[in-house]
Amino acid sequence: MNDTLPPALAKIVKRFQRASEPKRRYEQLIWYAQKLPEFPESDKITENKVPGCVSQVFVTASLDDEKITFQGDSDSQLTKGLLALLIEGLNGSTPDDVVQLTPDFIQETGLNVSLTPSRANGFYNIFKTMQKKALESQQSVSN
């Protein structure tokens with residue numbers, strides 16, 4: 001098990017590991033999607049759009065007291081679930097933690113086997129966008 005995962009993300013990975021069938025994993029994703037806080041319409045702008053996703057995905061990051069807070073939304077429930085999983089798992093981390101993370105933990109959740117190639121690709125794009133936003137949030141503070 002990857003020890004470098006933020007505690008919240010490690011907990012999510014364990015939760016998915018307990019869901020043995022793909023259907024259960026999908027149900028968990030939908031559950032995460034439904035828990036995601038409302039995303040402001042005003043933030044649905046090009047700068048916050050995740051590139052390379054089949055569905056519309058938006059992500060914002062803000063830095064407060066060295067800790068990062070992500071927000072996001074998607075027009076697809078499953079993609080929104082993946083996004084919500086990442087948001088819940090990464091919120092409260094430092095930008096450094098987020099930037100140093102590798103997306104391999106998706107394999108530990110078992111989700112990679114149940115995702116279609118375009119969804120798996122979407123997951124990586126969301127992850128990379130969140131890393132980029134984490135980096136930007138750091139730079140805007142240090143400037």
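## Basis of the description

The model is predicted, so that local features need pLDDT of at least 70 and side-chain atom pairs count only at pLDDT 80 or more, while totals for chains, interfaces and linings use all residues. Residues are numbered from 1 along each chain as its sequence is written, and side-chain values use heavy atoms, with hydrogens and water left out.

Asp 65 is exposed, with a relative accessible area of 67%, and Glu 66 is exposed, with a relative accessible area of 57%, where exposed means over 50% relative accessible area, buried under 20% and partly exposed in between, for a 1.4 Å probe and protein chains only.

## The packing of α1 and α2

Helix α1 (residues 7-18) and helix α2 (residues 22-35) have axes that come within 9 Å and cross at roughly 145°; axes are lines fitted to C-alpha atoms, for helices over the stretch in contact, and angles run from 0 to 180 degrees between N-to-C directions. The contact (heavy atoms within 4.5 Å) is made by Ile 12, Arg 15 and Phe 16 of α1 with Arg 25, Gln 28, Leu 29, Trp 31 and Tyr 32 of α2.

## The nonpolar core

The largest nonpolar core has 35 residues, and those with the most contacts inside it are Phe 70, Phe 105 and Met 130; such a core is a set of buried Ala, Val, Leu, Ile, Met, Phe, Trp, Tyr and Cys residues joined through side-chain atoms within 4.5 Å. The elements that give two or more residues to this core are α1, α2, β1, β2, α3 (77-90), α5 (105-109) and α7 (117-142), and α3 gives the most, with eight residues. Leaving aside neighbours within four places in sequence, Phe 105 is in contact with Leu 5, Leu 9, Val 13, Leu 85, Leu 86, Phe 123 and Phe 127.

## Ala 134 in helix α7

Ala 134 has its place in helix α7 and is buried, with a relative accessible area of 0%. Not counting residues up to four places away in sequence, Ala 134 touches Ile 68, Phe 70, Pro 95, Val 98 and Val 99. The C-alpha atoms of Ala 134 and Ile 87, which are 47 residues apart along the chain, are separated by 12 Å.

How values were computed
Helices (H or I, at least four residues) and strands (E, at least two) are DSSP runs, numbered from the N terminus.
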